[in-house]
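Please look over the model shown here.

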Amino acid sequence: MSTWLRDAATGVNSRRSLSGRARARRWRHLIETFPSLREMRVLDLGGTPESWRLAPVLPTSVTVVNLLPQESPVKGPAKGIVAIQADACDLPAAIASTHFDLVYSNSLLEHVGGHVRRQRLADNVRSLADRHWVQTPYRYFPIEPHWLFPGMQWLPYEARVQISMHWNRGHIRTRTRAEAQEQVDEIDLIGISQMRRYFPSSTIWYERFAGLVKSLVAIQTGPA
């Protein structure tokens with residue numbers, strides 16, 4: 001069985017899956033890039049409290065912004081995580097007026113809905129902290145990372161809808177054409193030139209698999 005099929009069988013969130021191993025490598029690089037992460041006040045755009053609860057390093061405080069409602073941990077080491085239901089492209093005043101040590105975002109940029117909203121997200125990232133780490137899957141990696149389907153991102157719209165109707169997006173099952181269309185419409189992968197446009201002063205780290213660029217990470221370690 002191929003690696004990609006094993007991922008589909010074991011689950012894209014499994015630590016043994018390609019995605020799980022990639023996340024572990026990404027965490028290691030994040031900690032190496034920001035060695036004082038444990039002492040930082042972090043704003044996570046699009047993340048979850050659970051991802052930080054399981055992180056190898058837990059910062060002093062983490063504010064997680066997500067469109068979906070999340071529960072803030074109230075006890076234990078993760079009690080410094082605060083979850084806020086909001087749009088990362090249109091942040092509430094309480095967040096927009098705060099300065100953080102680091103803005104972190106993992107696999108959100110491709111979901112926000114087109115160039116204008118991607119630019120708003122990038123503007124928020126740059127304005128809210130002197131440091132950032134923004135990851136997004138690379139459009140030209142041969143396997144679409146959400147469906148784990150070869151070349152799906154390059155197919156015509158109708159072909160992508162048909163695939164989504166018969167091939168799950170991770171753990172998300174689509175039972176109707178409308179649901180499949182919604183899943184396809186939500187995701188718009190980008191390339192290197194676009195990433196540089198949104199983060200012109202950042203270093204772009206190319207996360208690779210089998211020698212191919214798998215995802216892009218815009219990194220800024222201090223004031224531009």
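T63 counts as buried, at 12% relative accessibility. Buried means under 20% relative accessible area, exposed means over 50%, and partly exposed lies in between (1.4 Å probe, protein chains only). This is a predicted model: local features need pLDDT of at least 70, side-chain atom pairs count only at pLDDT 80 or more, and totals for chains, interfaces and linings use all residues. Residues are numbered from 1 along each chain as its sequence is written, and side-chain values use heavy atoms, with hydrogens and water left out.

T63 sits in strand β2, residues 61-66. Helices (H or I, at least four residues) and strands (E, at least two) are DSSP runs, numbered from the N terminus. What does T63 touch, not counting residues up to four places away in sequence? Its partners are V42, L43, D44, V82, I84, I95 and F100. Contact here means heavy atoms within 4.5 Å. L121 lies 58 residues from T63 along the chain, and the two C-alpha atoms are separated by 16 Å.

**Two helices**

Helix α6 covers residues 157-166, and R160, V161, I163 and S164 are buried in it. Seen down the axis of α6, these buried residues fall within an arc of 160°, so they line one face of the helix. The arc is that of the directions from the helix axis to the C-beta atoms. An α-helix has 3.6 residues a turn, so residues three or four places apart point the same way. The cover over the buried residues of α6 includes β7 (149-150) and α7 (177-186).

Now take α7. Its buried residues are A180, Q183 and V184. Down the axis of α7, they fall within an arc of 95°, so they line one face of the helix. They pack against α6. On the other side of α7, A178, E182 and D185 are exposed.

Most residues other than glycine have a negative phi. S107 has a positive phi of about 55° although it is not a glycine. A210 also has a positive phi of about 55°, and A210 is not a glycine either.

**The whole chain**

How many helices and strands does the chain have? There are eight helices and nine strands. The radius of gyration of the chain is 17 Å, close to the 17 Å that the globule rule gives for 224 residues, so the chain is as compact as a globular protein of that length. That radius is taken over C-alpha atoms, and the globule rule is 2.2 Å times the number of residues to the power 0.38. Along its principal axes, the C-alpha trace spans about 45 × 35 × 35 Å.

Of the 224 residues, 45% count as buried. Among contacts between residues at least 6 apart in sequence, 53% join residues at least 24 apart. The chain exposes about 11,400 Å², and carbon and sulfur atoms supply 54% of that area. Accessible areas come from the Shrake-Rupley method with a 1.4 Å probe; for residues, only the protein chains shown count as cover.
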